[in-house]
Amino acid sequence: MQFQISSELIEKLQFLIEQENNEELLLHLEDVHHADIAEILTELSLEEATYLVKLLDSQKTSEALMELEEGVRERILDTLSAKEIAEELEEMDTDDAADIISELSPERQQNVIAELVDEEHADNIVELLRYDEDSAGGLMAKELVKVNENWSVTGCMTEMREQAENVTRVHSIYVVDDKNKLKGRLSLKDLLTAPSHANIQDVYIPQVDYVNVHTEGEEVARVMQKYDLEAIPVVDEMGRLVGRITIDDIVDFIKEEAEKDYQMASGISENVEADDSLLRLTRARLPWLVLGLFGGLGSVYIMKGFEEALEQFPILFFFTPLIAAMAGNVGVQSSAIIVQGLANDNLRGSLLQRLIKEVSLSLINGVALGILVILFGLIVGQDQLVSITIAASLLSVIIVAALVGTFVPIILNKQGIDPAIATGPFITTSNDIFGIFLFFYISKLVLGF
């Protein structure tokens, strides 16, 4: 049965915390899942959440901390001493511990690491901190189960039992040589059915997918998705096995990247949350708003240059928002498809082929929408020459917007810039300007003013 977090429960816990009734608190939360503990911590005040973290067993709270939003977790960690944080890290896998450590200031990092009792755990965390957080090295955990190819089937069982004690979930058993170089993987079924006197080198599977410590996170995700892997080993430049990445870690990475891309596409230049400070939220949003402002001012001056046209055909003014909106929408649609294709690495063909396809698609859409505009003009009794002008402008604007939406993300990607930036206000603003200019220029040609 799913655990229900009600307002009554939160009020009850708040009352027990206020009364410092630790025995009753522990009784209420004894069998509560760590994900539910995280949700409870979010509902409590900072002082109350800190009280619970210090009261509960570190094995439970360490997992709960990883479930919290980064901003909430940072505030709780700020209230804990270096020793208390170290106690939480002792219960975490190395990859999670490294993520927590990386959120602290350099000075606090050193203090917390110095408080870690398990020296090997501390060394592993320090090693992971050296890698870029979005690389395979930054995503991997050091905990894994490995066996030497020269071991006997009987002898490796004892070693595996000892290693498995430090591994939350055993997805795979990896095989290495005397220099710790990855040789393959071991099937549990083959291990159980093999003769006791056989060596591991006689039963292991030499084919194994792996990534390098410097492989980008996006590439790791593509490999794991392509081959339906629950875990993938990570090797260093010498081919030595140094860690593994599990499916839950890569899912978290994909989620974070999707959130970043969504925010960037919305015109937010930093990874922010709703409860961040006003200064940080302003810094994230203002640059794109400034771009939109200058784009709008550019549109105003373009319209001012065609003031004579508006005097002779004032009806054109009322169709200006339509042209700008269609330009922005088509540009965002085209760029979104290209960005998605680049992210999934399934964009095929040359840039020229892609542009030709977009022009063809734009012609179909533009003609269809242009016909609707002309039909609308017939229904409302609008001058047919004006309707044709608007339809021709709409067709031209759609083609140009599609080309811009296709061309810009591809070029940004080739320059090493995140193409997601192209799906936001950048494309919308640029296409608004192009759209307004084309609309009035074509109107001038057709209507002859």
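The legends below describe close-up views of a predicted model.

**View 1. The largest nonpolar core of the predicted model.** This core holds 56 residues, of which L89 and I245 touch the most other members. A nonpolar core is a set of buried Ala, Val, Leu, Ile, Met, Phe, Trp, Tyr and Cys residues joined through side-chain atoms within 4.5 Å; buried means under 20% relative accessible area, exposed over 50% and partly exposed in between (1.4 Å probe, protein chains only). Because domain 1 (7-129) and domain 2 (145-248) both supply residues, the core lies between them. The domain bounds come from an automatic or database domain assignment.

**View 2. Surroundings of I245.** Neighbours within four places in sequence aside, I245 is in contact (heavy atoms within 4.5 Å) with A136, L139, M140, V220, M224, E230, A231, I232, V234 and I250. A second, separate core of 25 residues includes L310, A402, L438 and F440.

**View 3. The aromatic pair F317 and F318.** The rings are edge-to-face, 5.6 Å centre to centre with 80° between the planes. Rings of Phe, Tyr and Trp (its six-membered ring) pair if their centres lie within 6.5 Å; planes under 30 degrees apart count as stacked, over 60 as edge-to-face and the rest as tilted. F317 is partly exposed at 45% relative accessible area, whereas F318 is exposed at 63%.

**View 4. The aromatic pair F437 and Y441.** These rings are stacked, with 5.8 Å between centres and 15° between planes. F437 is partly exposed at 39%, as is Y441 at 40%.

Residues are numbered from 1 along each chain as its sequence is written. Local features need pLDDT of at least 70, side-chain atom pairs count only at pLDDT 80 or more, totals for chains, interfaces and linings use all residues, and side-chain values use heavy atoms, with hydrogens and water left out.
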